[in-house]
Amino acid sequence: MTIQDTELLLQFRDPETKERAFTAIIRKYQEKLYWHIRRMVVEHEDANDVLQNVFIRVWNGLENFREDSQLYTWLYRIATNECLSYLEQRKRKSTLSLDEMESGLSNKIVADKHFDPNKLEWKLQLAIQQLPEKQRIVFTLRYYDEMPYEEMSRVLDTSEGALKASYHHAVKKIEDYILNH
């Protein structure tokens, strides 16, 4: 039986059980957050670095978590913001244009030793990398994490209507890419 988030938060606020509660939070959400991050930054090492930064921010901020939203939503918001910061930082450090950087992510997918251009899941990954950043995030949250628009709205601080439009445009672009590549 898994401990409910409210119980974990109570334990985290108690100095006696703080570290144990934090470890339980990590165990409960680490894999979901890792794959959310990995889909955005592509490489395993980068995803691990970002995930580590996420948990550092969680450790530092959990004391002040007001529980206006679910813990899960708050964690995804931090993970998404860390991904965006990481990608932005990489863009600034790079002398490459945004288009070159995004094609670099595609090149990393193609360079994977398991890459098979005839398999649909690889085409899907390449298609996702062609999307603008916002559409890529919305698509991955909806498609892979099956996050409801209402929750996504809280994570991304965007209206549900805008998210639905972004998802719709992303799906059309992905369909077009898969059919034409």
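## Helix 4 against helix 8

The axes of helix 4 and helix 8 come within 8 Å of each other and cross at roughly 50°. That makes helix 4 oblique to helix 8. Angles under 35 degrees count as roughly parallel, over 145 as roughly antiparallel, 65 to 115 as roughly perpendicular and the rest as oblique. Axes here are lines fitted to C-alpha atoms, for helices over the stretch in contact, and angles run from 0 to 180 degrees between N-to-C directions. Helix 4 passes helix 8 in a right-handed crossing. A crossing is right-handed if the near helix is turned clockwise from the far one by less than a right angle, and left-handed if anticlockwise.

Y72, T73, Y76, R77 and T80 of helix 4 meet E151, R154, V155 and L156 of helix 8. This contact has four nonpolar, two polar and three charged residues. Contact means heavy atoms within 4.5 Å. Ala, Val, Leu, Ile, Met, Phe, Trp, Tyr, Cys and Pro count as nonpolar; Asp, Glu, Lys and Arg count as charged; the others, Gly among them, count as polar.

## The model and the chain

This is a predicted model: local features need pLDDT of at least 70, side-chain atom pairs count only at pLDDT 80 or more, and totals for chains, interfaces and linings use all residues. Residues are numbered from 1 along each chain as its sequence is written, and side-chain values use heavy atoms, with hydrogens and water left out.

The protein chain has nine helices and zero strands. Its pattern along the sequence reads α-α-α-α-α-α-α-α-α. Helices (H or I, at least four residues) and strands (E, at least two) are DSSP runs, numbered from the N terminus. Of the 181 residues of the protein chain, 43% count as buried. Buried means under 20% relative accessible area, exposed means over 50%, and partly exposed lies in between (1.4 Å probe, protein chains only). Take the contacts in the protein chain between residues at least 6 apart in sequence: 61% of them join residues at least 24 apart.

## Helix 8 and its cover

Helix 8 covers residues 149–156, and six of its eight residues are buried, so helix 8 is largely enclosed by the rest of the structure. The buried residues are Y149, E151, M152, S153, V155 and L156. Their cover includes helix 4, helix 7 (133–143) and helix 9 (160–180).

D157 follows helix 8. It lies in the loop between helix 8 and helix 9. D157 has a positive phi of about 55°, although it is not a glycine. At 63% relative accessibility, D157 counts as exposed.

## Helix 7 against helix 9

The axes of helix 7 and helix 9 come within 8 Å and cross at roughly 95°. The two helices are therefore roughly perpendicular to each other. Helix 7 contributes K134, Q135, V138, F139, R142 and Y143 to the contact, and helix 9 contributes L163, S166, Y167, H169, A170, V171, K173 and I174. By class, the contact of helix 7 with helix 9 has eight nonpolar, three polar and three charged residues.

Helix 3 has 18 residues, which should span 26 Å at 1.5 Å a residue; its end C-alpha atoms are 25 Å apart, which agrees. The expected span is 1.5 Å times one less than the number of residues. The buried residues of helix 3 are D46, A47, V50, L51, V54, F55, V58 and G61.

Helix 3 (residues 44–61) packs with helix 4 (residues 71–93) at an angle of about 130°, with their axes 9 Å apart. Helix 3 and helix 4 are therefore oblique to each other. Their crossing is right-handed. The contact joins D46, V50, N53, V54, R57, V58 and G61 of helix 3 to W74, L75, I78, A79, N81, E82, C83, Y86 and R90 of helix 4. These residues divide into nine nonpolar, three polar and four charged.

## E67 in the loop

E67 is found in the loop between helix 3 and helix 4. Its phi is near 60°, a positive value in a residue other than glycine. At 37% relative accessibility, E67 counts as partly exposed.

Leaving aside neighbours within four places in sequence, E67 is in contact with T6, L9 and R13. E67 and T6 are 61 residues apart in sequence, and 8.8 Å apart in space, C-alpha to C-alpha.
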